[in-house]
Amino acid sequence: MEDTQQVDAKAERKVARLAKQINAFAKAHGGAEGQVAYIGDRGARIVLVGEDGGWGDLVAPTYAIAEQAVQKSGITVHEAFDGEFAAKVKTGSYEWKRMAGIQVGG
């Protein structure tokens, strides 16, 4: 029983920490929306897009923890990263150069 309580407490702390980071991102970018994607054994990726077009991501150890964190933060969560949601991302010259470099082997 103690092991379960320790795991639950650790998960709750991780959820709270991620929710705090999500809220800080949202505050810095005039609000935020997100999407949770399963990334295998690594856990889940929380992709964040701010109202100003800024974007970032966080990695949670499990999909359940990621879902709990976005729910606790209160942001809008999308099923997929496509359409109008993806169009909100503003990329700069760094991203365009980096993407071009990957395509030509750089």
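Visitor: What does contact mean here, and which residues does serine 73 touch beyond four places away in sequence?
Guide: Contact means heavy atoms within 4.5 Å. The model is a predicted one. Leaving out residues up to four places away in sequence, serine 73 touches Ala19, Ile22 and Asn23.

Visitor: Is serine 73 buried or exposed?
Guide: A residue is called buried under 20% relative accessible area. Serine 73 has a relative accessibility of 14%, so the residue counts as buried.

Visitor: Which residues of H2 are buried, and why do they line one face of the helix?
Guide: Helix H2 covers residues 63-73, and serine 73 is found in it. The buried residues of H2 are Ile65, Ala66, Ala69, Val70 and Ser73. Seen down the helix axis, these buried residues fall within an arc of 130°, so they line one face of H2.

Visitor: Which residues are exposed on the other side of H2?
Guide: The buried residues of H2 include Ala69 and Val70. On the other side of the helix, the exposed residues are Gln71 and Lys72.

Visitor: Which backbone atom lies 3.5 Å from a polar side-chain atom of serine 73?
Guide: Just after H2, glycine 74 takes a positive phi of about 85°. A polar atom of the serine 73 side chain lies 3.5 Å from the backbone nitrogen of isoleucine 75.

Visitor: What pattern does the protein chain follow along the sequence?
Guide: The protein chain has four helices and four strands. Of its 106 residues, 29% are buried. Read along the sequence, the pattern is α-β-β-β-α-β-α-α.

Terms used: Residues numbered from 1 in each chain as written. Predicted model: local features only at pLDDT ≥ 70, side-chain atom pairs only at ≥ 80, totals over all residues. Heavy atoms only, no water. Helix = DSSP H or I, 4+ residues; strand = E, 2+ residues; numbered from the N terminus. Buried < 20%, exposed > 50% of the residue type's maximum accessible area, 1.4 Å probe, protein only. Polar contact = N/O pair within 3.5 Å; in protein donor to acceptor, adjacent residues only side chain to side chain. Arc of directions from axis to C-beta.
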